Amino acid sequence: MATGNHSTVTMFVLVGLNQQPELQLPLFLLFLGIYGVTVVGNLGMILLIALSPLLHTPMYYFLGSLSFIDLCYSSVITPKMLVNFLGKKNIILYSECMAQLFFFVVFVVAEGYLLTAMAYDRYVAIGNPLLYNVIMSPGLCSLLVLISFILGVLSALAHTSAMMKLNFCKSHVINHYFCDVLPLLNLSCSNTHLNELLLFIIAGFNTLVSTLSVAVSYAFIFCSILRIRSSEGSKAFGTCGSHLMAVVILFGSITYMYFKPPSSNSLEQEKVSSVFYTTAIPMLNPLIYSLRNQDVKKALKSVWVGR
C-alpha cells in the first residue's frame with residue numbers, strides 16, 4: 001500500500017481485540033450474544049415506551065432517546081468487530097474508518113449530555129413535583145435532546161476533520177478493534193499536537209460539564225429529599241438509582257480511558273476498557289432501567305396482556 005499522506009491511504013488493518021486464533025470463535029459468540037441482548041433490550045425499550053401510555057412522560061422520553069443512542073453507537077462498533085473475528089485479514093477502508101470515528105464520537109458525546117439532561121429531569125421531578133409537567137414540557141425535552149446531538153456532531157466534526165489532515169506513513173495497522181482517536185494518532189507521522197489538544201479540550205470540556213451538571217443536580221436533589229419525610233424521601237431517591245448507576249459506569253470508564261497518565265498507557269488495557277463502554281454499557285443500560293423500574297415492569301405487563 002502506498003504511503004505518504006491521507007490521500008494515498010486507502011485502508012487500514014485492525015489488529016482486533018485478541019490475536020490468538022483459538023479465541024476468535026469463543027469471542028465471536030460472546031460478543032454476538034452481547035450485541036443481540038443490546039439490540040433486543042434497547043429496541044424493546046423504545047417500542048415499549050412508544051406503545052405504553054404509562055411511559056409517555058419526560059423521564060421515559062429521555063430514556064427512549066438513550067436507548068436509541070445506545071443502539072446506534074453499539075452498531076457503529078460491534079458488527080465490524082464480529083466480522084473481524086471471523087476474517088483472516090481485518091481490513092477497514094479509510095473512508096469507513098473516518099465514518100466510524102465520526103459516528104462513535106457523535107453518539108458517545110450525545111449520551112453524556114443526555115444523561116446530564118436526565119439528571120436535571122430528576123431534580124425537577126423531586127424538587128418541583130407540582131410544576132414538573134409545566135417545566136419539563138415536550139418542547140424543552142426535545143430541545144435538550146437536540147442540543148445533546150448537536151454537541152455530539154460538533155465534537156465529532158472537530159476530531160474527524162483534524163484526523164483527516166494527518167499523514168499516515170508510519171504504518172497502516174491499527175492496534176485496536178475500531179478506529180478510535182488515540183490508536184490513529186499513534187500511526188501518524190505528522191505533528192499530532194493539535195489533535196491531542198483537541199482531545200484534551202473537547203473530552204475534558206464534555207466530561208467536566210456533564211459531571212459537574214450531574215453533581216449539582218444531585219446536590220439539589222439530596223437537599224430536596226432532606227425536606228421530605230424519610231419514607232417518601234427514600235422512595236424519591238430510589239428513582240434516581242438507575243440513572244446514577246448509568247452515569248458512574250459511562251463517565252468512570254471514559255475518564256479511565258482518556259485521562260489516565262501517559263506512563264500508564266497500555267494498548268491491551270485500553271482495548272479492555274474500551275470494550276466496556278463500547279459494548280457493555282449499551283447492553284447494561286436497558287437492563288439497569290428495566291430491572292430496577294416498577295413503571296417499566298407494569299408497562300411491559302399491560303402491553304403483554306393487551307395483546
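Good morning. In helix 5, the buried residues pack against helix 2 (58-86), helix 3, helix 6 and helix 7 (193-226). Here, buried means under 20% relative accessible area, exposed means over 50%, and partly exposed lies in between, with a 1.4 Å probe and protein chains only. Contact means heavy atoms within 4.5 Å. Helices (H or I, at least four residues) and strands (E, at least two) are DSSP runs, numbered from the N terminus.

The model is predicted: local features need pLDDT of at least 70 and side-chain atom pairs count only at pLDDT 80 or more, while totals for chains, interfaces and linings use all residues. Residues are numbered from 1 along each chain as its sequence is written, and side-chain values use heavy atoms, with hydrogens and water left out.

Let me stay with helix 5. Residues 138-164 form this helix of 27 residues. From first C-alpha to last, helix 5 reaches 39 Å, close to the 39 Å expected at 1.5 Å a residue; the expected span is 1.5 Å times one less than the number of residues. Among the buried residues of helix 5 are Cys141, Val145, Ser148, Gly152 and His159.

Is serine 224 buried or exposed? Serine 224 counts as buried because its relative accessibility is 7%. Leaving aside residues up to four places away in sequence, serine 224 touches Ile126 and Gly127.

Three of them make an open sheet in the order 2-1-3, with mixed pairing; two strands pair if DSSP finds at least two bridges between them. Strand 2 (91-93) and strand 3 are the edge strands, each pairing on one side only. Strand 1 (residues 11-14) runs antiparallel to strand 2, and three bridges join them. Within this pairing, phenylalanine 12 stands opposite isoleucine 92 in strand 2. Which helix packs on the sheet? Helix 3 does, touching strand 1, strand 2 and strand 3, and its direction makes about 80° with that of strand 2. For such angles, axes are lines fitted to C-alpha atoms, for helices over the stretch in contact, and angles run from 0 to 180 degrees between N-to-C directions.

Next, the disulfide. The structure holds one, a disulfide being a pair of cysteine sulfur atoms within 2.5 Å. Its partners are cysteine 97 and cysteine 179, with sulfur atoms 2.0 Å apart. This pair links distant parts of the chain, 82 residues apart: cysteine 97 lies in helix 3 (residues 94-127), and cysteine 179 in the loop between strand 3 (173-174) and helix 6 (181-185). The link is left-handed, with -125° about the S-S bond. Cysteine 97 is buried at 0% relative accessibility, and cysteine 179 is buried at 0% as well.

Finally, the aromatic rings. Rings of Phe, Tyr and Trp (its six-membered ring) pair if their centres lie within 6.5 Å; planes under 30 degrees apart count as stacked, over 60 as edge-to-face and the rest as tilted. The count comes to 12 aromatic pairs. One of them joins tyrosine 120 and tyrosine 123, a tilted pair at 6.3 Å centre to centre with 45° between the planes. Tyrosine 120 and tyrosine 123 are separated by about one helical turn because they are three residues apart in helix 3. Tyrosine 120 is partly exposed at 33%, as is tyrosine 123 at 22%. Elsewhere, Tyr73, Phe104, Tyr177 and Phe178 form one aromatic cluster. Thank you.
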